[in-house]
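Colleague: Could you walk me through this one before I set anything up? I would like to talk about pockets and charged pairs.

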Amino acid sequence: MRLLITAGPTREHIDPVRFISNRSTGKMGFALAERAAARGHTVTLIAGPVALATPAAVRRLDVVSAAEMLDAVRAELPAADALIMCAAVADWRPRSIHPVKLKKREMSATLELEPNPDILLTVKPAKEGRLFVGFAAETGDPLAEARRKLESKGLDLMVANDVSQPGAGFATDTNRVTLLAPGAPAERLPLMSKRDVADRILDRLQTLAETEKKRD
Ligand code: CTP
């Protein structure tokens, strides 16, 4: 398969030295890219700002903001069989980016924000026969929220994790996730390395692709 994978956070600049972002390090998305390429898939990895080396045989495109990530996903999607949105896209961005560093005295206590586009929802009309995989990092009730997003974003697979659990979520080498697909029971995986989680996600993706092929 030709896989398009996004990873890492996005960074929404206030001025050239300040930004809004989140705790994503890109480890899960890079593990997916690495394992997918090792299985012989053709992988394009769209990475937000992260400190990770590009896995072997992976084509990497670096982006900074959600708007840039959306442009890259739009440009690459036509050549992909599946999109895995592992990136932690910032939901909001400053209404304007100051071209030069703001002086303390020029700043106010309030930062005006505007919403970023939802990448999955924006590219949904171009989904056609492609498989879409999403991630939901939650601190509340992960399964209910993930099921809601699976449906609202029209996904084939959702990877849910509770980032408040030890060993799961940001900056760790392990993760504890539950895989959700429409009309299928939830598959709760034990705590395992992100590399093994990546393999389980790719197993499910390959099964979904085979089922789609049989249906055609
Ligand atoms: N996502 C996206 N574009 C955004 C935000 C999120 O494509 N602007 C994708 C993520 O990459 C992930 C999925 O949507 O695969 C769920 O992300 P999440 O941040 O949990 O969802 P939100 O819709 O932002 O929901 P909320 O903030 O209400 O929890």
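Predicted model: local features only at pLDDT ≥ 70, side-chain atom pairs only at ≥ 80, totals over all residues.

Colleague: How much space lies in the largest pocket?

Modeller: The largest pocket holds about 900 Å³ of space.

Colleague: And which residues lie nearest its centre?

Modeller: Ala 87, Ala 88, Val 89, Phe 135 and Ala 137 lie nearest the centre of the largest pocket, and they belong to a lining of 40 residues.

Colleague: What is the lining like by class, nonpolar, polar or charged?

Modeller: The lining of the largest pocket counts 22 nonpolar residues, alongside 12 polar and six charged ones.

Colleague: OK, switching to charges: how many salt bridges does the structure hold?

Modeller: There are 20 salt bridges in the structure. In one of them the side chains of Glu 112 and Arg 95 meet at 2.8 Å, N to O. Both residues sit in the loop between strand E7 (92-94) and strand E8 (113-115), yet they are 17 residues apart, and the pair links distant parts of the chain.

Colleague: Are those two buried or exposed?

Modeller: Glu 112 is exposed, with a relative accessible area of 52%, whereas Arg 95 is partly exposed at 48%; the cut-off for exposed is over 50%, so the two residues fall on either side of it.

Colleague: What does Glu 114 do with Arg 95?

Modeller: The side chains of Glu 114 and Arg 95 also meet in a salt bridge, here at 3.7 Å, N to O. Because Glu 114 lies in strand E8 while Arg 95 is in the loop between E7 and E8, this pair ties together parts that are 19 residues apart in sequence.

Colleague: And which residue does Lys 153 meet in a salt bridge?

Modeller: Lys 153 meets Asp 118, side chain to side chain, at 2.6 Å, N to O. That pair links distant parts of the chain, 35 residues apart, with Lys 153 in the loop between helix H4 (142-152) and E10 and Asp 118 in the loop between E8 and H3. Asp 118 is partly exposed, with a relative accessible area of 27%.

Colleague: Last one, which residues are linked in a network of salt bridges?

Modeller: A network of salt bridges links Glu 34, Arg 35, Arg 39, Arg 195, Asp 199 and Asp 203.

Key
Residues numbered from 1 in each chain as written. Heavy atoms only, no water. 1 Å grid on protein atoms, 1.4 Å probe; cavity = no way out; pocket = protein on both sides within 12 Å on 5 of 7 lines; lining within 4 Å. Points joined across faces, edges and corners; volume = space filled by probe spheres on them. Nonpolar A, V, L, I, M, F, W, Y, C, P; charged D, E, K, R; others polar. Salt bridge = Lys/Arg side-chain N within 4 Å of Asp/Glu carboxyl O. Helix = DSSP H or I, 4+ residues; strand = E, 2+ residues; numbered from the N terminus. Buried < 20%, exposed > 50% of the residue type's maximum accessible area, 1.4 Å probe, protein only.
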